[in-house]
Amino acid sequence: MKRTGLSLALLWGAAPLAGQGVVIAPHAVFMDARTRSGAVLLYNPNTEPVEVAISFFFGYPATDSAGIIVVRTVEHPDSTSPSAASWIQAFPRRLTVPPLERQTIRLLASPPPGLADGEYWARLVISAKGGQLPVTGVADTAKVRVGLTLEVRTIIGVFYRKGAVYTGISLSGLRTAVVGDSLAVWARLTQQGNAAYIGSAHAALVDSTGKTLAEMKAPIGVYYTMEPRYALPIGALAPGRYRLRLDLSTAREDLAPELVLPSPPVRDSVEVRVP
Amino acid sequence: MSRPRLVAVLLLGLLVPRPGLSQGVGGSVGIDANVIGPVLTITTLSNLNFGSVPKGVATTVQPTAAGAGAWQIQGSKNANVTITFVLPALLTNIQALPGSTMPVSFGATSARWNRATNNVAGATAFDPSGGTTGKLGPPANPYIYLWIGGTVTPAATAKPGVYTGTIIVTIAYL
């Protein structure tokens, strides 16, 4: 279809899209020095083909000044950065996934000789352009019509492990503040070892009897040092003294146990006073 | 069962290695063993559609309007993702001679996101140029819904035709 025809189709497709996108699995790829390979499976559940492009960059989750977790991108990582972005390749890098079919992207690592033991990181970018839509109207060339198409990019983590890899985490600076109907929680988390700390954070607010009044659980990935901010919905909490407990563990429900590097749980708590 | 969930279940079924079946070209043993766990899907539900606009008058589509662009993100329950955009500043008339363009802009509340439920009215507004961090829903609804609107400003002398551009949304799994 010509570009004009496609755009007209997009603009005059009055009905919402039936759904454009591609299913990606897994959401993190773990490779090792033995196989030096990995795979990502794409599935197109729609009735139109999806164009996909694959690329890599070096980046990792970090926190900004407000404690919001963001992906920090490093365009030119130096030689000390554990970047695998320049030596992991994807095959193919461009493809079209037909309707209701799946395609496998193979990842192949070609690490430099003499690579030290440890874990190396990259971010895999999967760009997907939606399918073509049928023309449902007739263009009136005297009018000005405007529409924007939407593309999606999905970024997932790629981990390459060589030799003995181990991880851990240190927890410090735990503090809280009541903000509206939430309890804001901050903590300083620092990764230990030569691999990222992939795990979960569990925060719970308990009263003097140990009863849990509010809690939250979230997956975390600590690559260097971060100071995330969490929020627990507490509603209208009665004045008094409470305790906030923060537990970090390498348990992850969304990853196979053999992929997660184990590390002893780390805990801390702090008193919370509600005036 | 909803369509995305059905797709996820079917895909997981496809990913289970079966004895006696080839595991892929080249017979790479161990690759498929890593392909497990929740899937990640970003589905474009609708494009951002301004329809016919009057010349010389700015036209805004709110993120709550029917013409807003919309996505559904499905992934691991309670996981955090960052949401960022690449936004166009000019739209191009694809039916006129080259150089026929129209400005498009996005404000501090042009985008919204909602955890778990497809309800734009209860969604959180944010500035698409700065992006935001979202959290997928709980096990029953591990979704994020995302909407975007914008404003186009056609000149009084704008040539008729179809003006179009592309918005790129990036979801980074943390």
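1. A:D254 is buried, with a relative accessible area of 6% (buried means under 20%, exposed over 50%, partly exposed in between, using a 1.4 Å probe and protein chains only). A:R252 is buried too, at 12%. These two residues form a salt bridge whose closest N and O atoms are 2.8 Å apart (a side-chain nitrogen of Lys or Arg within 4 Å of a carboxyl oxygen of Asp or Glu).

2. A quick word on the model: it is predicted, local features need pLDDT of at least 70, side-chain atom pairs count only at pLDDT 80 or more, and totals for chains, interfaces and linings use all residues. Residues are numbered from 1 along each chain, chains are lettered from A and ligands numbered from 1 in the order written, and side-chain values use heavy atoms, without hydrogens and water.

3. The structure has eight salt bridges over all chains. Another one to look up joins A:R161 and A:E119, with closest N and O atoms 2.8 Å apart. Both residues are buried.

4. How many aromatic pairs are there over all chains? There are 13 (rings of Phe, Tyr and Trp, the last by its six-membered ring, with centres within 6.5 Å; planes under 30 degrees apart are stacked, over 60 edge-to-face, the rest tilted). The rings of A:F159 and A:Y223 are stacked, because their centres lie 6.2 Å apart and their planes meet at 25 degrees. A:F159 and A:Y223 are both buried.

5. B:Y145 counts as buried at 8% relative accessibility, and B:W147 counts as buried at 8%.
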